[in-house]
Amino acid sequence: MSTYDDCDHHRDHKRRKLYYHLTAAITAIIIIILFIILLIYLILHPSKPNFTLQDLTLYAFNITTTTTTLTSIFQVTISSENPNSRIAILYDKFDVYATYRNQQITLPTMVPPTYQGHKDVTIWSPYLYGTEVPLAPFLAVSLAEDETAGMVLVNVRATGRVRWKVGTFVSGGYRLNVNCPAYVTFGNRNDGYVVGPAVKYQLVEGCNVDV
């Protein structure tokens, strides 16, 4: 074997050894970072926020039978409590909308990004608009029957992404889904009170929260 072959073999060996050590170092760093994140999570154990639907103000709720469409305007007040004493919550994106029997009946209203400190309570009061939203025929019939019976169950929903903040550390984004039931009464069973052209319902309903 020539001297050149020995040199090439030696260089290849050093190169492979360098790649091996570099890969091992990167893998070790990743494992350490993941271990630290897991340790922070296990020690602090972040709890999901508690949401409450405080009230709902109804400005319009009209079914057009000829075209089976619904026009509705709400203003809702939703509060969120951060139960964590050491962890802040960052709401990056947050859309609120209304549904009837799982069909969306208003456009989503975006809530601005929000920082929520330890044990803080945040309140949002977005307007929800739905103009001539097409309904499936069976839903239109069901909605008309509910109105005649004097009560309609509307679900106020919120979807978005949240992150946890501990000191300077900020976690990755997590999907947030909130579902708040709201019983809207009509006719003789109307439990709301008139506010100008609208009817306001004090609800204080707890919401189902998934993160």
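Why does Asp 92 count as partly exposed? Its relative accessibility is 30%, and partly exposed covers the range between buried (under 20% relative accessible area) and exposed (over 50%), using a 1.4 Å probe and protein chains only. Welcome to a short tour of the links that join side chains in this predicted model, where local features need pLDDT of at least 70, side-chain atom pairs count only at pLDDT 80 or more, and totals for chains, interfaces and linings use all residues. Residues are numbered from 1 along each chain as its sequence is written, and side-chain values use heavy atoms, with hydrogens and water left out.

**The disulfide**

- A search of the whole structure turns up one disulfide, a term that stands for a pair of cysteine sulfur atoms within 2.5 Å.
- The partners are Cys 180 and Cys 207, whose sulfur atoms lie 2.0 Å apart.
- Cys 180 sits in strand β11 (residues 174-185) and Cys 207 in the loop between β13 (198-206) and β14 (208-210), so the bond ties together parts that are 27 residues apart in sequence; helices (H or I, at least four residues) and strands (E, at least two) are DSSP runs numbered from the N terminus.
- The link of Cys 180 and Cys 207 is right-handed, with 105° about the S-S bond.
- Cys 180 counts as buried because its relative accessibility is 0%, and Cys 207 counts as buried at 15%.

**The salt bridges**

- There are three salt bridges in the structure, each a side-chain nitrogen of Lys or Arg within 4 Å of a carboxyl oxygen of Asp or Glu.
- Asp 92 and Arg 163 meet in one of them, at 2.7 Å from N to O.
- Asp 92 belongs to strand β3 (residues 88-100) and Arg 163 to strand β9 (residues 151-166), so this pair joins parts 71 residues apart in sequence.
- Like Asp 92, Arg 163 counts as partly exposed, at 27% relative accessibility.
- Asp 55 pairs with Lys 200, their closest N and O atoms being 3.9 Å apart.
- That pair links distant parts of the chain, with Asp 55 in strand β1 (residues 50-64) and Lys 200 in strand β13, 145 residues apart.
- Asp 55 is buried at 8% relative accessibility, whereas Lys 200 is partly exposed at 23%.
- Asp 146 bridges to Arg 101, with 3.6 Å between the closest N and O atoms.
- Asp 146 lies in helix α2 (residues 137-149) and Arg 101 in the loop between β3 and β4 (103-104), so parts 45 residues apart in sequence are tied together.
- Asp 146 is buried at 17% relative accessibility, while Arg 101 is partly exposed at 48%.
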